[in-house]
Amino acid sequence: MNRTDIEKNLSGYLPELARLERRILKIKEQEIAIPDHLDEMILNPSLYLQELCWKNLTDYLSKSGPDVPEPGNEFVMIWKHPEDGQVRARAASAEDLLVIKMIIEKIDRKEVARIGDLPLAAVDAAMERAVEKGILLAPRSRIRRDYPAIESSVRSGGQYRTSPAFTLQWHVTQACDLHCRHCYDRSDRSTLTLDEALRILDDLDSFCRGKHVKGQVSFTGGNPLLHPDFSAIYKAAANLGFTLAILGNPAPRERLEELISIRTPSFFQVSLEGLPEYNDYIRGRGHFERVMDFLDLLRDLDVYSMVMLTLTKDNLGQVLPLSERLRGRADVFYFNRLVRVGEGASLELPAKEDYISFLENYLAASKENPVLGLKDNLINVLMHHRGVEPFGGCTGFGCGAAFNFLSVLPDGEVHACRKFPSAVGSVLTQRLAEIYDSDMARQYRSGCAECGPCSLRPVCGGCLACAYSHGLNIFEQKDPFCFL
């Protein structure tokens, strides 16, 4: 039946169409308060669920689709979107009705997953889609900077005070198929059992729910793929809906395909320390070519690839030539400055003036080579000097130590940052929420006193690990490479 035929038979659906239009108009005229503070997810106060005895009336009303009205029961949702205040009217899907029922009847998401024999991630994704539509309202993230407000030169500085996500950088094993000359920890640490690992994931899920953030697990080591239960841990994390990433070493295609069949990681990070000769001196003979071949494999399997370099005095001049080799083979290339702890104590950092010159060349090259990513917080100092709006810094929020991430070691010890000793607790004896809200964790995420009044603090904070490796008081003295 086409639109002309239907318009000849208005008597069938016209009363229902009028009911729908009246409700839309009523909601449009209503002043509906959207709460500023929420402790839990709620229905949009403007949401009205109307049962009609004709289908496709919303499409017909908006002329947004080919469907035409036809007899049959249908629930229609009408609501004001919290972001723009515009009224929406849509036919309610089975998914929409489920999440509405969950909120009204306070049905736990895990119970829904159990009854429906669904991964918990599927239930969470449905609720996230409802939030995006505006039919559910979610509490704001509680991962927020608690340092005093400052006069910031960052035009969008407010966005860097609250993180929508939290990352657990989980070193699941010390086992590694490499022995790098700059490794910061070759200590003998016990490995958690599968049961202990699953409890940590459940605790992370509770933590993220309590803080109202999206959780990410970045699996690393050692080489995380060498953990005997890695596939089971990875699958459990995927079922809980966490964003997953792997920081490891090149792996066979079959191993990658196994993990992809569970969930494609958001990225796979490998490391290179310079051009072939120097890289293989640091990481072992033949490593450079293995990584380059592995990058081709990641691209073939459509896995986002990251390459990380540890910046030293010796490879400073190799970064940009390496970036040219990575152009078109890796998705992004970053560097971290060497932290002189562990075996890295035998290596040297560049002189400050050489480092500043390097940053200038790096920033210029990044405009021409898309593989060059911005990560080091002090790049923001250079951008500030040039009057350019800074980027988010190391973790998207400046130094993220004990702010939007924590590191868990193979034995359960928790650190504010893995690059230097910064223990704040243990997941074997404490909940993550207890660790995160501890005085010690607060001290780490507050950063150093010298950075406190800096206008770039929302996107910088320097590097606590670098300050530590120079023997400074990290809670008082700033990153020794800072040139603001």
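Me: Before we start, what does contact mean here?
Reply: Contact means heavy atoms within 4.5 Å. The model is a predicted one.

Me: Good. Which residues does Cys208 touch, leaving out those up to four places away in sequence?
Reply: Val213, Gly215 and Phe242.

Me: Where is Cys208 found?
Reply: In helix α7.

Me: Buried or exposed?
Reply: Buried. The cut-off is under 20% relative accessible area, and Cys208 has 4% relative accessibility, so Cys208 counts as buried.

Me: And Ile143, how far is that from Cys208?
Reply: The C-alpha atoms are 9.5 Å apart in space. In sequence, Cys208 and Ile143 are 65 residues apart.

Me: Switching to the sheet. What is the strand order?
Reply: β11-β10-β9-β8-β7-β6-β12-β13-β14. That is nine strands in an open sheet, with mixed pairing.

Me: Which strands stand at the edges?
Reply: β11 (332-337) and β14 (423-426). Each has a single partner strand, so one side of each has no neighbour in the sheet.

Me: What about twist, what does it average?
Reply: 25° from one strand to the next.

Me: Take β8 and β9. In which sense do they pair, parallel or antiparallel?
Reply: Parallel, over three bridges. Strand β8 covers residues 243-247 and strand β9 covers residues 267-271.

Me: Which residue in β9 is the bridge partner of Ala245?
Reply: Phe267.

Me: Back to α7. Which strands does helix α7 touch?
Reply: β6 (165-171) and β7 (214-220). Helix α7 spans residues 194-211 and packs on the sheet. Its direction makes about 165° with that of β6.

Me: And helix α8, which strands does that lie across?
Reply: β6, β7 and β8. Helix α8, residues 230-239, runs at about 150° to β8.

Me: New topic: α5 and α6. What are the angle and the axis distance?
Reply: They pack at about 120°, with their axes 8 Å apart. Helix α5 is residues 109-116 and helix α6 is residues 120-133.

Me: Why are α5 and α6 called oblique?
Reply: Angles over 145 degrees count as roughly antiparallel, and 65 to 115 as roughly perpendicular. The pair packs at about 120°, so α5 and α6 are oblique to each other.

Me: Left-handed or right-handed crossing?
Reply: α5 passes α6 in a right-handed crossing.

Me: Which residues meet there?
Reply: From α5, Arg109, Lys110, Val112 and Ala113. From α6, Leu120, Val123 and Asp124.

Me: How many of those are nonpolar, polar and charged?
Reply: The contact of α5 with α6 has four nonpolar residues, no polar and three charged.

Conventions. Residues numbered from 1 in each chain as written. Predicted model: local features only at pLDDT ≥ 70, side-chain atom pairs only at ≥ 80, totals over all residues. Heavy atoms only, no water. Pairing = 2+ DSSP bridges. Helix = DSSP H or I, 4+ residues; strand = E, 2+ residues; numbered from the N terminus. Axes fitted to C-alpha atoms, helices over the stretch in contact; angles between N-to-C directions. Parallel < 35°, antiparallel > 145°, perpendicular 65-115°, else oblique. Left-handed = near helix turned anticlockwise from the far one by under 90°. Nonpolar A, V, L, I, M, F, W, Y, C, P; charged D, E, K, R; others polar. Buried < 20%, exposed > 50% of the residue type's maximum accessible area, 1.4 Å probe, protein only.
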